[in-house]
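Q: Can we go through the side-chain interactions in this one? I'd like to start with the charged pairs and then move on to the packing.

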Amino acid sequence: MRIFTGTSWSKENQEKCIEYGIGMLSSPQDPVQPDAIPNDIPVIFDNGAFYAYRRGKAFDEALFYSKMNAVERELYFVSVPDVVGDGAASYKLSVEHIQNISHKKYFVVQDRMYWDAVYYAVAACDGLFIGGTLEWKWDTASYWIGHAHEIGLPVHIGRVSSFKDLDKAYMLGADSVDGSTIIRHNLLERVPTFWTHVREQKRIDHRHENLCKAVLGDE
């Protein structure tokens, strides 16, 4: 699972991201645009809909395209324009923009969307991004990951920063996640700590599995 956080001009933060294998997520409103980030750091270009949603504003289509079309570096993916929390409106907006994005692109699923209804739009993209409200996102994450993986598409989950949510996303099989809290609160070391936890858990699970096999063998 690849972990992304917000952007930073700080050379120290950028070097830590390179060392820890952390990517960065930039949006049209971000002062740090993708080409200002070292090539050793993978970059997601978000469409800015969530940024606008939190400020009570509409999606800025002109800004999105002007910033995205100016990007010269390779992007991990671009999130297709969406409407936060409104599946019907989001689907309508997204299908209008899919063919306009030349970079790798992920279709963003929102509340009250269903796989059969959005399948062809998702299949026209390079991956699936689980957005939506927090409760809906976690209630349906396994559902979306299962369906997307069945057709060979990777899945990204947005707004994942806490240790608990990182663990949950990893256990569900997410391919990537993002959360700005990690860099906003100077918590980049959380990422290598998390991977140490994952390795230790795997070691414990392996020992438990061997123990179970030994007990069953004795029977």
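A: One definition before we start: helices here are DSSP runs of H or I with at least four residues, numbered from the N terminus. With that in hand, R203 and E200 both sit in helix α9, three residues apart, or about one turn of the helix. Keep in mind that this is a predicted model.

Q: What do the side chains of R203 and E200 form?

A: They meet in a salt bridge, with N to O at 2.4 Å. R203 is partly exposed at 40% relative accessibility, and E200 is partly exposed too, at 35%.

Q: How many salt bridges does the structure hold?

A: Four. One of them joins E189 and K16, at 2.9 Å from N to O. E189 is in the loop between α8 (181–184) and α9 (190–218) while K16 is in helix α1 (residues 11–20), so this pair ties together parts that are 173 residues apart in sequence.

Q: Which residues are linked with K16 in a network?

A: E12 and E189: together with K16 they make up a network of salt bridges.

Q: OK, what about D165, which residue does it form a salt bridge with?

A: K168, with the closest N and O atoms 3.8 Å apart. D165 and K168 are three residues apart in helix α7 (residues 163–172), so about one helical turn separates them. D165 counts as buried at 17% relative accessibility, and K168 as partly exposed at 30%.

Q: Which ring does K168 lie over?

A: The ring of W138. K168 lies over its face, at 4.4 Å from the ring centre. There's also R55, which lies over the face of Y51 at 3.6 Å from the ring centre.

Q: Switching to aromatics. How many pairs does a search of the whole structure find?

A: It finds 18 aromatic pairs. Among them are Y170 and F194, with ring centres 6.2 Å apart and planes at 80 degrees, so that pair is edge-to-face. It links distant parts of the chain, with Y170 in helix α7 and F194 in helix α9, 24 residues apart.

Q: How accessible are Y170 and F194?

A: F194 is buried, with a relative accessible area of 0%, and Y170 is partly exposed at 23%. Y170 also pairs with W195: the centres are 5.7 Å apart and the planes at 80 degrees, so this pair is edge-to-face. Here too distant parts of the chain are linked, Y170 being in helix α7 and W195 in helix α9, 25 residues apart.

Q: Which residues form an aromatic cluster?

A: W115, Y119, Y120, W136, Y143 and W144 form one.

Q: And the largest nonpolar core, which residues touch the most other members?

A: Of its 48 residues, that would be F107, V109, L128, I130, W144, I157 and V177. Helix α6 (residues 134–150) supplies the largest share of this core, six residues. A second, separate core has seven residues, including L25, F77, Y106 and V108.

Q: What does V177 touch?

A: Leaving out residues up to four places away in sequence, V177 touches M1, R2, I3, F4, H156, I157, V160, L166 and A169.

Key:
Residues numbered from 1 in each chain as written. Predicted model: local features only at pLDDT ≥ 70, side-chain atom pairs only at ≥ 80, totals over all residues. Heavy atoms only, no water. Helix = DSSP H or I, 4+ residues; strand = E, 2+ residues; numbered from the N terminus. Buried < 20%, exposed > 50% of the residue type's maximum accessible area, 1.4 Å probe, protein only. Core = buried A, V, L, I, M, F, W, Y, C linked by side-chain atoms within 4.5 Å. Contact = heavy atoms within 4.5 Å. Phe/Tyr/Trp six-rings, centres within 6.5 Å; stacked < 30°, edge-to-face > 60°. Lys NZ or Arg CZ within 6 Å of the ring centre and 35° of its normal.
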